[in-house]
Amino acid sequence: MRKRLSVLLAAIASMILILTLLFTAVQIGINDHTFINNKYSELGLARRMGMSNADLVNSCIRLIDYMQGKAESIDIEVTVNGEKTLMFDQPQEIQHMKDVRQLFETCKQYRDMGLFAMLVLYLLAAVLSFRSALHTIAKGYLWGAFVMFLFIGFIGTWAALDFSSFWTAFHQSLFWNDLWLFDPTTSRMINMLPETFFQGLVSRIVMMGGAAVVLLIGAAIFALVTLKKREAKARQAAQQKRAAAANGQRRKPPQENGRTERQPLTEEERRARAERRRQSQAAGQQKRKQQADGASEKEKQRPKKSGEKRKRPQQSEAGKPRKSAGAAAKRKKRPSAGNPPPRRKRPQPSGETEIDLFAENEARIPELAAPAEDPTET
């Protein structure tokens, strides 16, 4: 609902913008003196009215200046059939131009108020959809342009098919009197401003305003396409990030009983886990082998007899004692479970020690050494 409201506000603001562009095109068209001069030369009105083309152009420019508030009156002196006279000498012409001036000033006021209302509506639409303001404004402009295209298309088709009836209906809707109806036999104003002149002017205004509207439509479409591509890239990046997070840190969803259910592993995860397990086992085997080699090396460096004295460490060239194999053997390291160190054998007594002990026992107990007498002999 909030998004639709923001698009509606942007569409209304866009319609006001298009009307403002059309009024600006009217101002540009009526102030194009080159167009006016070329149009009068094309129509050949000066020759039929008995005056020069320059006087005719100056008279038209005077009417436009008066309508815009740049001149105080429409009085201008021209030469008609060799005689100097006022171009607009009918009271009806003066009164009608006062109505036209008032209508133009009213349109300017509406244009200024419309610009302010347009800015407010665009601002409200942007606030309602702050995160997608540009998208909302572009979409609203397309809707507003579509509505105005239907309206202007109907008016343009009507004017192209029957400009006379369109021009009559235009005056009837804007003026509340009949002062715009002139007598061609007495009024120079109606003779210098025929329907063909206004038809060319209206066509030029519509072309300029339509070009501006089409350019804005292209800009809106470009903005929508660019934003759509950017949103698609952002969505794809977010999906990749979620997938990476799910692979790196697999969170188990809670069950009703508070326990978690283990997620099934994918084929890639199983291969990665098997590869890590194989590498871990290989590293463990290599470490145990190194420990076993170190233990056997230490056993070789130990002295075979317990009575032997270990050699003192030799002095190095720098004066510091070198660590001998016996000193290195003092560092007791915990042997690995797979290869326990061999047990130390007790030293056996030498043969001479056994003979001495036997002789001492024989001298201490002579009766055991002498043979026993036979009682039968005595």
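Biologist: In which hand does H2 pass H4?
Modeller: This is a predicted model, where local features need pLDDT of at least 70, side-chain atom pairs count only at pLDDT 80 or more, and totals for chains, interfaces and linings use all residues. Residues are numbered from 1 along each chain as its sequence is written, and side-chain values use heavy atoms, without hydrogens and water. A crossing is left-handed if the near helix is turned anticlockwise from the far one by less than a right angle, and right-handed if clockwise. The crossing of H2 past H4 is right-handed.

Biologist: At what angle do helix H2 and helix H4 pack?
Modeller: Helices are DSSP runs of H or I, at least four residues, numbered from the N terminus. Axes are lines fitted to C-alpha atoms over the stretch in contact, with angles from 0 to 180 degrees between N-to-C directions. The axes of H2 (residues 33–43) and H4 (residues 53–67) lie 10 Å apart, at an angle of about 135 degrees.

Biologist: Which residues in H4 does H2 meet?
Modeller: Contact means heavy atoms within 4.5 Å. From H2 come His33, Ile36, Asn37, Tyr40 and Ser41. Their partners in H4 are Asn53, Leu56, Val57, Cys60, Ile61 and Ile64.

Biologist: Is Cys60 buried or exposed?
Modeller: Buried means under 20% relative accessible area, exposed over 50%, partly exposed in between (1.4 Å probe, protein chains only). Cys60 has 4% relative accessibility, so Cys60 is buried.

Biologist: How many disulfides does the structure hold?
Modeller: A disulfide needs a pair of cysteine sulfur atoms within 2.5 Å. The count for this structure is zero.

Key:
Helices (H or I, at least four residues) and strands (E, at least two) are DSSP runs, numbered from the N terminus.
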